[in-house]
Amino acid sequence: MKDKTAIYPGTFDPITMGHIDIIQRAVRVFPRLIIAVAHNPGKAPLFSVEERIEMILQSLEPLGLRDLEIESFSSLLIEFAKWKGAAAIIRGLRAVSDFEYEFQMALINRKLDDSVETLFMMPSEQYTYLSSRIVKEIAYYGGNIECLVTPPVVKKLREKFARGT
Ligand code: ADP
């Protein structure tokens, strides 16, 4: 894996412990990891790209994760991956329900460019039920999200929902 770059793309709206679990696994395998934050207007994200990047930075900093790059992109993922010279796209697989969509995306990306491989990583079981959507729902109703996201993300979600956005 020497000199190999991997891209971990996602909406990260916001970053959760599940994302962090995958990032920690990926950096053990790849010497260079780029976290690629998709603008993704189709998903109508709660947070702006800038806010999402800031939360990623604040969440990863205390973990001492080095050699990580965080970038946003609004182009086709495969184009971004090629532009960055990535050998692999990392995706997280939580449950069978993720499989169909991820399978389709991996094969389409392969069709677009066969030189970039999609690799799937499984999180620790405790995070298999976790998604950004669930976190936002719990936070919206004022529930406890402390063990699902990092303290900076808890703060940001509380602020967001306190303002009634
Ligand atoms: P996207 O809109 O691209 O699905 P997400 O931020 O929801 O963006 O997810 C980015 C990637 O992280 C996806 O591969 C997703 O399956 C993975 N992921 C999200 N939550 C978890 C989790 N709890 N455990 C493992 N992988 C996860």
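Helix H4 (residues 96–112) lies across S4 and S5, and its direction is at about 170 degrees to S4. Keep in mind that this is a predicted model.

- Five strands make up an open sheet, lined up in the order S3-S2-S1-S4-S5, and their pairing is parallel.
- Strand S3 (68–73) and strand S5 (117–121) sit at the edges with a single partner strand each, so one side of each has no neighbour in the sheet.
- On average, neighbouring strands of this sheet are turned by 30 degrees against each other, if you ignore direction.
- What holds strands together in general? Strands of a sheet pair through backbone hydrogen bonds, and they can do that either parallel or antiparallel.

**Zooming in on S4 and S5**

- Strand S4 (residues 88–92) pairs with S5 in the parallel sense, over five bridges.
- Which residue in S5 is the bridge partner of alanine 88? That would be glutamate 117.
- Glutamate 117 also has a salt bridge to arginine 110, with the closest N and O atoms 3.1 Å apart.

**Salt bridges elsewhere**

- Side chains of opposite charge can pair when their charged atoms come close.
- How many salt bridges does a search of the whole structure find? The count is 14.
- One of them links aspartate 21 to arginine 25, where the closest N and O atoms are 2.6 Å apart.
- Aspartate 21 and arginine 25 are four residues apart in helix H1 (residues 17–29), which means about one helical turn separates them.
- Buried or exposed? Aspartate 21 is buried, at 8% relative accessible area, while arginine 25 is partly exposed, at 26%.

**A link between two helices**

- Lysine 160 and glutamate 51 meet through their side chains in a salt bridge, at 3.3 Å from N to O.
- Lysine 160 belongs to helix H6 (residues 151–162) and glutamate 51 to helix H2 (residues 49–60), so this pair ties together parts that are 109 residues apart in sequence.
- Lysine 160 counts as buried at 8% relative accessibility, and glutamate 51 counts as buried at 17%.
- Lys156 gets involved too: salt bridges with shared partners join Glu51, Lys156 and Lys160 into one network.

Definitions and conventions:
Residues are numbered from 1 along each chain as its sequence is written. This is a predicted model: local features need pLDDT of at least 70, side-chain atom pairs count only at pLDDT 80 or more; totals for chains, interfaces and linings use all residues. Side-chain values use heavy atoms; hydrogens and water are left out. A salt bridge is a side-chain nitrogen of Lys or Arg within 4 Å of a carboxyl oxygen of Asp or Glu. Buried means under 20% relative accessible area, exposed over 50%, partly exposed in between (1.4 Å probe, protein chains only). Two strands pair if DSSP finds at least two bridges between them. Axes are lines fitted to C-alpha atoms, for helices over the stretch in contact, and angles run from 0 to 180 degrees between N-to-C directions. Contact means heavy atoms within 4.5 Å.
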